[in-house]
Amino acid sequence: MQQRLLESIEALHGEIYLVGGSVRDTMLGLQVKDSDYIVTGIEFPVLKAQLETWAKVDVVGASFGVLKVASNGVIVDVALPRTERSTGIHHRDFEVSFDSSLPVEYDLARRDFTVNAMALRLRDQALIDPFAGQSDLEKKILRAVGVATERFTEDPLRMLRLARFVAKLGFTVDLDTLAATKALAPLVSSVAAERIQIELLGLLSSQKTLLPALRLLRDTGLLEQFIPEYKICFSFDQQNPYHHLTLEEHMFQTVELARQNTAEVKLAALLHDIGKPATQVFGTDGIAHYYHHEARGADITRSILTRLKCSTELLEMVVKLVRNHMRPPIQSSNKALRKFVNDLGVHWQAALELRRADRLAHTPEPDWDADHWLAETIARCQSFPPDLETFDERNLAVSGTELVERFGLQGAKIGAAKKAAATAIIEGELENEHDAILAWLGQQKI
Ligand code: ATP
Ligand code: MG
């Protein structure tokens, strides 16, 4: 693809550059997810027509300046240099324009961080680096391009991207950029919920250490902007000998310990104890207890994820994980474990992963081998019949009509008999088999 692009552009006497995250990731030896190119010196319609001779080309958005170019299963973005001109005092008041006669440096100047503001000229592999991004890359520093407060005022989402890059790259934040984030964090309230959600999930999907990014979100005031429910957790002393950390640090540690797991598990980890402050009561012994904090936490999680416009699927999964984060007991009978698998459905493994991380983030238990417990419990759950995940009364091999005919049951008793049989099946005490169910119900004196 790259060679083909270069040939097309050279034929038209233009110049083409790889830009942004793709340059950064190439220099870091990371896998490049999506390649972005800038072309200069060729008018947009001419460029489009040329690329259409060998690729499928789509114009992106309303503004004529970006092309999605697809060939042999590879899709890349090819754009003209873009500038943003301020048209008013508010950060949304700017006008985007594309202009093929602008040098690539103009386009780099509107990018967020120096490590994202480099271009690689394809013709000779020359690095165009007006903001010393390469030096910051070597020092592992995230620094805003130009004046940080201006960059963040123009687009407050950049502050969340900053936290995501801390997690993805493991870099530290330049002091001016950090100060600007602290000063301007409240502007994040104007960012669309969907975009916040994407950055948060992107941050959580990193498998590197997540503590620096989470602490950055807390210490800059960003986190409480999009999850105000978190504020009460900061420095919240759990007043309980089983918890040696403040509440938010415990949740952060849980995320950290789940870092090999999916972003969904980590989102549940981030929120799992958020119901604690609202449920705190003190025993006569002076120890704090948090009865039903998981149910309260599930409700709070639902309202947070609704506000962040998460998909129903993601929301229901994370709410379920939060609600069930105290399950299963570490020493579980088969009966309890089968019930757990049935209640959690397809999310049982995610719930076990969360349970492991949560438990590890408590006061250390030297005798507990978490990974052994997890592997063993997963193996036990996998040994159960696969339909246990989805089984409920509706799958019973006996119908309500048969119960009426056979036992003369009526009204609520029919439902109760079905429920009892379903529970026995879930717990492994009864096969979901017609005759076996009728015989079992016969013995139950219903
Ligand atoms: P990744 O793809 O790993 O998430 P990326 O840096 O490639 O990281 P993209 O969202 O793909 O991020 O954006 C590509 C490039 O576009 C960035 O590297 C940056 O130069 C620029 N960019 C993206 N979003 C912004 C923004 N909100 N403000 C300024 N520049 C941005
Ligand atoms: Mg990218």
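Predicted model: local features only at pLDDT ≥ 70, side-chain atom pairs only at ≥ 80, totals over all residues.

User: Why is Ser 206 called buried?

Analyst: The relative accessible area of Ser 206 is 9%. Buried means under 20%, so Ser 206 is buried.

User: How do you know whether Cys 233 is bonded to the closest cysteine sulfur?

Analyst: By distance. A disulfide needs the two sulfur atoms within 2.5 Å. The closest cysteine sulfur to that of Cys 233 belongs to Cys 310 and is 18 Å away, so it is too far for a bond. The count by this rule is 0 disulfides.

User: And what makes Cys 233 and Cys 381 count as buried?

Analyst: The cut-off is under 20% relative accessible area. Cys 233 has 0% relative accessibility, so it counts as buried. Cys 381, at 4%, therefore counts as buried too.

User: What makes strand S1 (residues 15-19) mostly covered?

Analyst: In S1, 5 of its 5 residues are buried. Glu 15, Tyr 17 and Val 19 point one way, while Ile 16 and Leu 18 point the other way. In a regular strand, side chains alternate between the two faces of the sheet.

User: How do you know that S1 and strand S2 (residues 36-40) pair?

Analyst: Pairing takes at least two bridges. S1 and S2 have 4, in the antiparallel sense, with Glu 15 opposite Thr 40.

Note on methods
Residues numbered from 1 in each chain as written. Chains lettered and ligands numbered in written order. Heavy atoms only, no water. Buried < 20%, exposed > 50% of the residue type's maximum accessible area, 1.4 Å probe, protein only. Helix = DSSP H or I, 4+ residues; strand = E, 2+ residues; numbered from the N terminus.
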